[in-house]
Amino acid sequence: MMLSMFILWIAVFLGIFFRQKWVPVLAVVSLVWTLALLRLHMTDPIPLNF
Amino acid sequence: MSIVDRAETAFESGELTIARWINVLALFGLIGVLAGSLFLQFGVGEQPCPLCLVQRSGMIAIAVGPIMNLLWGMRPMHYALSILGAMVGSAGSVRQILLHIEPGDPGYGPAVFGLHLYTWALVTFAIAIVGCAFMLLWTKTFEAGDTGVVDQRGFLRFAAFVGIAWVTIDLLIVGISVVPECGLGMCPDNPADIQGLGGVGGVLMTIAVGAVAVIVAAIADRRMSSKPSESV
């Protein structure tokens, strides 16, 4: 799963090197996917009593 | 003063060159952070946790802005991408800080100068957001019609290429090293430590990565210089 995050970033970098117009879109998608993976790994409770 | 006049002024005063150098320095700052984390992973043997990988992803996302600024030209959108990357990365940092917020909690991993790496990562993300905001205030650099450093022969282009190559190699190492740790599934919350290369081995690995980046940059710089259409 985490590998997919870095594969997306490698694709973003390749897009930058080849001046592709979709780079900003893919960068935002990569960020959203990073957030989704962060959410998937939020398994432990934060030890605070709000 | 028209936009064209202001753009010419930006070129003549060297403001664009200063902005480019700031982007190069930002890249090398990120390289320092990424190299430090790779040293801990391969030198000391500390495998990165899932939240650490999210923060590494944030660091790489920050680098996208300066790389696009240097290769494509200065644009506000590039700084915006860096800010978004810093915000996503800081979400991982804040989450990890809160997990170890209780008094007496030793925290995760080693501390550097009294702060754990995820706290330093949050400091880095905050600096990146503030830095990008200040660069966005510098509107003259966006009106200069910048097309990047590729056609600008000189040390700045070489330094930019070294920074870009180094970040790219670090990204490849981080990505490939995820496979033995996590496979294709979810990463373990507390990954077991591995046999590291040791302090000297870790430093040598960092130097080797830097040397490869310099060689790649030199080859790219040479190829750009030999292009007949170059405007010097």
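In this predicted model, 36 residues of chain B are in contact with 28 residues of chain A, contact meaning C-beta atoms, placed from the backbone, within 7 Å. Local features need pLDDT of at least 70 and side-chain atom pairs count only at pLDDT 80 or more, while totals for chains, interfaces and linings use all residues. Residues are numbered from 1 along each chain as its sequence is written, with chains lettered from A and ligands numbered from 1 in the order in which they are written.

**Interface**
- On chain B, α3 (50–72), α4 (76–99) and α6 (155–182) each give two or more residues to the side that touches chain A; helices are DSSP runs (H or I, at least four residues), numbered from the N terminus.
- α3(B) gives the most, with twelve residues.
- This side of chain B comprises 27 nonpolar, six polar and three charged residues; Asp, Glu, Lys and Arg count as charged, Ala, Val, Leu, Ile, Met, Phe, Trp, Tyr, Cys and Pro as nonpolar, and the others as polar.

**Nonpolar core**
- In the largest nonpolar core, of 67 residues, B:Leu30, B:Ala63 and B:Val167 touch the most other members; a core joins buried Ala, Val, Leu, Ile, Met, Phe, Trp, Tyr and Cys residues through C-beta atoms within 7 Å, buried meaning 20 or more other C-beta atoms within 10 Å.
- α3(B) supplies the largest share of this core, 13 residues.

**Helix pair**
- The axes of α6(B) and α7(B), lines fitted to C-alpha atoms over the stretch in contact, come within 8 Å and cross at roughly 130°.

Note on methods. Contact = placed C-beta atoms within 7 Å. Buried ≥ 20, exposed ≤ 12 C-beta atoms within 10 Å, placed from the backbone. Axes fitted to C-alpha atoms, helices over the stretch in contact; angles between N-to-C directions.
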